Amino acid sequence: MPLTFKGGFHVEEHKHTAKCQTVRMPAPARVYIPLQQHIGAPAVCTVKVGDRVLRGQKLGEVNGLGAPVHSSVSGIVEKIDNVTLPNGTKSMAVIIANDGEDALDPSVAPLGRRLGDVPSEEITAIIREAGITGMGGASFPTHAKLSSAMGKVETLIVNCAECEPYITADHRLLLEHPASVINGTKILLKALGLRHGIIAVEDNKRGAIDKLEALLGEGGLISVKELQTKYPQGDERQLIYALTGKELPAGKLPSEVGCVIFNAATTAAVFTAFAKGLPLIERIVTVDGDCVNKPGNVIVPIGTPMIDVINFCGGFKGEPKKIIAGGPMMGNAVWDVNAPIVKGSSAILCFSAKLAKQSEHFACIRCGRCVEACPMHLMPAYLAQYAASDNLEACEKWDILSCVECGTCSYICPGQVPIVQYIRAAKARVNEEKKAAKAREEERAKLQAEAVAKAEETAEASPEPEKAVPALTKEELRAAKAAEKARKAAEKAEAAAAKAAKLAAKEAARAEALSADEEEAALEDEAVMPEDVSTSEEAPHPVEHSEPAEEEAEAPSADEE
Amino acid sequence: MNQNTTIEGGSGLPPLLTVSPSPHIKGTDSTRGIMLDVVIALLPPLVFACYIFGMRALTVTLVSVAACLLSEGLFNLILKRHQSIGDLSAVVTGMLLAYNLPVSVPLWMPVLGALFAIVVVKGLFGGIGKNVVNPALAARVFLFMSFPDLMSRYVPPGSAIGAFESVSDADILAGATPLAQLKQGTMPDIPLMDLIIGSCPGTIGEVSSLLLIAGFIYLMVRKVITWHIPIAYVGSVALICYLLPSSSAFIPHEFMLSQIFSGGLLLAAIFMATDYVTSPITRTGRIIFGIGCGIITVFIRYFGGYNEGASFAILIMNLLVRYIDNFTKPVKFGGLKKQA
């Protein structure tokens with residue numbers, strides 16, 4: 001029985017390119033190597049305009065969390081300029097004119113040592129030097145993942161689920177280079193000092209499973225596990241659950257349940273870094289969709305503009321209406337076809353108007369399909385409702401922050417409700433609100449402290465009368481009278497202090513209200529969404545549109561009835 | 001920017017691309033498809049009704065469906081709402097409304113019922129997905145309260161009333177319906193087999209238990225509904241009737257079977273209680289909902305002023321749906337801290 005999780009949905013696979021042998025495309029005339037291709041700080045450029053760089057040469061280095069970037073061609077650095085990345089963000093990029101010589105950097109050389117002789121720290125260092133990041137999409141630096149997992153995990157999982165429709169890059173990798181994946185896995189096991197690893201493959205890749213099993217045999221260091229073909233089987237939480245039965249809550253790292261997960265392509269890249277000394281400068285990209293002449297799997301140098309890859313695949317068939325970087329369930333629609341392929345780009349999908357069509361009218365009929373399919377066991381229908389009515393409190397109560405935005409709910413919704421889009425927008429607002437609330441809390445605490453200090457000052461200043469008890473008389477009555485007077489004075493002082501505190505509190509409240517108002521206004525400003533989806537179709541002209549990054553995150557605003 | 005390549009397009013300019021948040025693909029399920037499946041599942045009982053009561057059954061149904069479509073269309077037009085009649089939900093409402101009427105009703109009654117269902121119960125609450133109670137059921141109860149006599153004029157099976165023939169008092173069944181007899185503490189004169197096949201007096205759609213069950217199986221196979229509500233509903237009715245018959249004179253299993261196959265229980269449990277909009281969206285919630293419907297139905301049949309309790313039971317439970325959903329909210333993934 002293939003392993004799986006509760007929820008999810010068997011999305012139509014569209015794996016048309018599963019039989020397409022990978023083809024290496026010639027390096028383009030110009031590559032755009034972004035300095036930010038990973039989670040963390042962007043790399044700092046180490047080359048200058050006019051420098052000649054070689055294939056595999058380091059172009060940028062990072063200090064904190066991040067990974068260095070390398071040139072995928074040899075040639076002259078033409079420019080260092082801002083480019084739009086496939087995910088819509090901007091990054092400085094080293095633009096290199098390819099001289100076509102493909103001259104390798106001298107640093108590129110096989111390690112030439114037995115794995116057993118390489119200590120764990122050195123493995124991590126080599127992986128870091130090779131600029132390897134997670135190639136499944138999130139692009140978390142692999143060396144950082146290794147360091148943080150060191151000593152905390154007992155299960156290493158290689159994620160070959162590839163549950164996104166259309167994409168077959170990992171499938172082809174497993175079929176054509178199963179040994180790379182296996183050897184990469186062994187290197188990672190050695191780095192972590194583990195004795196056992198799992199390669200997890202969805203059962204729609206039967207051929208790959210057979211190949212891996214034949215190579216691995218029984219009872220070895222690494223075992224192959226078959227997963228049910230179901231979306232989102234490749235999400236790390238669902239993967240961990242299917243393999244180990246442990247539930248990893250949203251927002252937590254796999255190491256908290258003793259697991260560490262690497263993508264199949266990442267393990268192969270690790271192997272390449274050891275066997276050839278070659279850093280991560282190319283990757284397999286699936287090119288598919290009804291608007292491409294020759295769909296297939298292409299080995300693309302990092303930094304190649306998407307349009308060059310599409311042209312290598314025979315160019316567009318008909319007029320493309322939507323181009324997606326990554327899978328159709330969680331990938332990003334791009335507006336600039338010149339965006340370069342980065343380390344995390346697994347696919348380019350070109351859709352015609354037919355596939356890009358979105359319904360403008362929708363209504364939830366409460367069928368409950370989204371509840372059954374939600375891999376996080378939430379109630380998407382209610383979340384979308386609360387999100388649409390801007391009821392952030394209810395959103396939070398119904399666990400909106402646990403949503404992983406896999407999109408299964410939107411995919412299956414018969415009422416065509418853009419559920420995850422609503423949730424995503426509201427989730428962002430909940431997070432903002434939380435941040436703002438925290439800031440307000442701090443501000444309030446500060447003001448309160450000030451008020452208390454002020455009140456104490458006043459209180460200290462007034463009890464003078466106590467001392468002013470006339471010393472000349474020793475009669476008890478008079479003393480009592482004086483005491484009474486002193487008490488009254490003290491009371492007065494106290495009242496004054498209280499008044500001062502009250503005033504201060506009032507002021508604080510007003511300041512808070514004011515800031516809340518401002519925030520609301522700001523939120524409203526930001527919440528201005530395109531009238532409906534069709535306007536956003538027109539807006540992002542690839543050339544003229546320069547700052548459309550934020551639009552991505554917003555839900556279509558077609559009004560709820 | 002980096003305009004090193006151009007795309008071959010009509011004008012030589014790069015194409016205008018749609019940018020939208022993921023997901024970029026859509027499943028094939030649609031409201032219209034689901035409603036079409038329900039309509040298909042509802043057709044056999046109609047054919048049977050035409051056979052057992054005459055073609056007037058079809059006339060009443062068609063009038064009801066047409067009135068529903070028309071009122072929804074006009075309502076949307078007047079309120080300048082998106083025209084939603086294409087989703088076929090009004091057709092389902094129309095059919096269910098007609099199925100809850102005796103074949104003898106004057107034709108203005110389905111029209112009035114349709115207006116009430118579509119405009120008052122559904123439209124004024126915001127249209128499809130927003131209504132609190134089942135439109136067809138609410139309309140049935142509305143008609144039942146307003147015209148109790150007209151709503152209780154049943155004809156005996158085999159009446160063969162023509163499509164446009166009005167029903168005279170001579171055609172009307174003089175005796176009590178099976179449910180009325182059960183209420184009076186006697187077993188129905190109609191044999192159980194006839195109740196199951198549908199050779200008995202009743203409303204247009206409720207008589208053929210066999211075909212209703214066939215519809216249930218069809219909807220299950222097509223994954224339109226889950227088993228939870230119908231099984232929990234009918235199951236709880238069966239259990240109560242078997243364990244606590246209304247009179248000790250009854251033989252428990254016979255009494256139980258007559259209760260299940262008389263009246264509108266199956267129509268209600270399979271087609272009305274399972275209405276998505278007015279039933280819970282969690283599986284556990286659906287079981288609770290079904291059991292609630294079952295208990296109230298039996299209560300009304302035993303102790304209420306009416307012979308049939310299914311409509312009221314479902315309407316009452318409809319009102320509790322949001323609470324049931326709230327109560328049965330699933331534990332989020334990772335919420336249990338299950339650490340093996």
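**Chain A as a whole**

I began with contacts in chain A at a separation of 6 or more: residues 24 or more positions apart account for 74% of them. I kept in mind that this is a predicted model. Next I looked up the secondary structure, and chain A has 16 helices and 17 strands. I also checked burial: of the 561 residues in chain A, 53% are buried.

**Ser72(A), a loop residue**

I then went to Ser72(A), which sits in the loop between strand E6 (69-70) and strand E7 (75-84) of chain A. Is Ser72(A) buried or exposed? I found a relative accessible area of 2%, and as buried means under 20%, Ser72(A) is buried.

I wanted to know what surrounds this residue. Setting aside neighbours within four places in sequence, I noted that Ser72(A) is in contact with Val31(A), Ile33(A), Arg55(A), Ile281(A), Pro301(A) and Ile302(A).

I wrote down the buried ones: Pro380(A), Ala381(A), Tyr382(A), Leu383(A), Ala384(A), Tyr386(A) and Ala387(A). Just after H11(A), I came to Asp390(A), which takes a positive phi of about 65°.

I also followed Ala388(A) to Tyr422(A): the two are 34 residues apart in sequence, yet their C-alpha atoms are 6.5 Å apart in space. Tyr422(A) belongs to helix H14 (residues 419-461) of chain A. With 10% relative accessibility, Tyr422(A) counts as buried.

**Two helices in chain B**

Last, I turned to chain B and a pair of helices. How do H9(B) and H11(B) run relative to each other? The axes of helix H9 (residues 228-243) and helix H11 (residues 265-272), both of chain B, come within 8 Å and cross at roughly 155°. Angles over 145 degrees count as roughly antiparallel, and H9(B) and H11(B) are therefore roughly antiparallel to each other. I noted that their crossing is right-handed.

Which residues meet there? From H9(B) I listed Ile229(B), Pro230(B), Tyr233(B), Val234(B) and Val237(B), and from H11(B) Leu265(B), Leu266(B), Ala268(B), Ala269(B) and Ile270(B). By class, I found ten nonpolar residues in this contact, with no polar and no charged ones.

Definitions and conventions: Residues are numbered from 1 along each chain as its sequence is written. Chains are lettered from A and ligands numbered from 1 in the order in which they are written. This is a predicted model: local features need pLDDT of at least 70, side-chain atom pairs count only at pLDDT 80 or more; totals for chains, interfaces and linings use all residues. Side-chain values use heavy atoms; hydrogens and water are left out. Axes are lines fitted to C-alpha atoms, for helices over the stretch in contact, and angles run from 0 to 180 degrees between N-to-C directions. Helices (H or I, at least four residues) and strands (E, at least two) are DSSP runs, numbered from the N terminus. Angles under 35 degrees count as roughly parallel, over 145 as roughly antiparallel, 65 to 115 as roughly perpendicular and the rest as oblique. A crossing is left-handed if the near helix is turned anticlockwise from the far one by less than a right angle, and right-handed if clockwise. Contact means heavy atoms within 4.5 Å. Ala, Val, Leu, Ile, Met, Phe, Trp, Tyr, Cys and Pro count as nonpolar, Asp, Glu, Lys and Arg as charged, and the others, Gly among them, as polar. Buried means under 20% relative accessible area, exposed over 50%, partly exposed in between (1.4 Å probe, protein chains only).
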